[in-house]
Amino acid sequence: MYNPILYSNSNILQRRDAKYLTDNYFKYIKWLPNGGDVSLDIGCGDGGVTHEFFLNNMPNSIETIVATDLSSEMIQHAAISHQHSKIQFQQLDIGVKTLPKHFIEKFDHVFSSYCLHWLHDQRKTFQNIYDVLKPNGDLLVSYLANHPFYSLFETVSKFEKWKSYMTDCNIRIPPYQKCSNTEEVHKQILESIGFDVKICKCEKRTFLYKDLMSWRKTIESVNPFINRIPESSRKEYIDDYMAESQKFGLILENNTVNTPYELLIVYAKKRI
Ligand SMILES: C[S@@+](CC[C@H](N)C(=O)[O-])C[C@H]1O[C@@H](n2cnc3c(N)ncnc32)[C@H](O)[C@@H]1O
């Protein structure tokens, strides 16, 4: 889905929010009293957040982080650029029907930043997360409840010239993009699976892109359809997102780009 190098060069929003997550929510994690914690990072991407924000905020006594991603390109890139004795990189689709056996009940903690909005079936995804946790293990994740970026997807997918490339647009839009009571709906899913939910909240946040080029690079770097568009038309495709961004009122007079969005933050424990 992603080009790892393009992603690493345009992920300032994701890095800012990963820092926000660790600065404000890592204090809730129940580290093992005698150390040896084994953690899973879901959707680690280029590995930067796993290493710089997750690993660097963990106690020295932890054993390992298994950093996983759906994309083999991301895993290969991450394994080279964030090589570390306490991080193992592995390919994993967290939405998979049957989890590999060696993941079941293996983890004391699960972390994830800016990934789980790609998983349309939230119940299955969180059931899988439940299954990989040891009893009493905990989960700290943040991901997009909604973002104007996805409203742009929907608009552009209706353009005659692009619609054949974006037929699966609906399942690429975050499952809570249009939900007015995300916290209640999501908490109910988690509790019915067997989590003891300590925090489940949607935080209203904004990010200001300092110029049009930064916004353009973001649209390109996390766009799941771009590789389907013939190379000769890709500039025109992104130009259309930029024109729609103007119509949506995201582009301000000084050519900065204002994006209001909601970040869903969950801290929960697997009941014994
Ligand atoms: C926006 S990146 C976030 C990367 C990193 N966590 C960060 O905060 O910079 C989202 C990542 O989720 C991965 N992803 C998407 N669907 C996934 C799935 N079903 N299972 C695991 N990873 C997935 C993508 O391949 C991508 O690398």
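Which of the 25 residues around the ligand come nearest? In this predicted model, the residues of the shell that come nearest to the ligand are Gly43, Gly45, Leu70, Ser71 and Cys115. Helix H2 (12–25) and helix H3 (48–54) are the elements that give two or more residues to this shell. By residue class, the shell around the ligand is made up of 15 nonpolar residues, eight polar residues and two charged residues.

Along the principal axes, the C-alpha trace spans about 55 × 40 × 35 Å. Of the 272 residues, 39% count as buried, and among the contacts with a separation of 6 or more, 79% are accounted for by residues 24 or more positions apart.

Strand E5 (residues 133–146) is mostly covered, with 11 of its 14 residues buried, and its pairing involves strands E4 and E7. Strand E4 (residues 107–113) runs parallel to E5 and is joined to it by six bridges, with Phe107 standing opposite Leu133 of E5. The pairing of E5 with strand E7 (residues 257–270) is, by contrast, antiparallel and extends over eight bridges; here Leu139 stands opposite Ala268 in E7. In a regular strand the side chains alternate between the two faces of the sheet.

Most residues other than glycine have a negative phi. Glu105, although it is not a glycine, has a positive phi of about 50°, and Tyr114, likewise not a glycine, has a positive phi of about 60°. Glu105 lies in the loop between strand E3 (87–91) and E4, whereas Tyr114 lies in the loop between E4 and H5. Glu105 counts as exposed because it has 12 C-beta neighbours inside 10 Å, whereas Tyr114 is buried, because 22 other C-beta atoms lie within 10 Å of its own.

Pro33 is found in the loop between H2 and strand E1 (38–42), and because it has 7 C-beta neighbours inside 10 Å, Pro33 counts as exposed. The C-alpha atom of Pro33 is separated by 9.4 Å from that of Ser61, a residue 28 positions apart from Pro33 along the chain. Glu191, in turn, lies in helix H8 (residues 182–193), and with 14 C-beta neighbours inside 10 Å, Glu191 counts as partly exposed. Between the C-alpha atoms of Glu191 and Lys270 the separation is 9.6 Å, although these two residues are 79 residues apart along the chain.

Terms used
Residues are numbered from 1 along each chain as its sequence is written. This is a predicted model: local features need pLDDT of at least 70, side-chain atom pairs count only at pLDDT 80 or more; totals for chains, interfaces and linings use all residues. A residue is buried if 20 or more other C-beta atoms lie within 10 Å of its own, exposed if 12 or fewer, and partly exposed in between; C-beta atoms are placed from the backbone. Helices (H or I, at least four residues) and strands (E, at least two) are DSSP runs, numbered from the N terminus. Two strands pair if DSSP finds at least two bridges between them. A residue is near a molecule or strand if its C-beta atom, placed from the backbone, lies within 6 Å of it. Ala, Val, Leu, Ile, Met, Phe, Trp, Tyr, Cys and Pro count as nonpolar, Asp, Glu, Lys and Arg as charged, and the others, Gly among them, as polar. Two residues are in contact if their C-beta atoms, placed from the backbone, lie within 7 Å.
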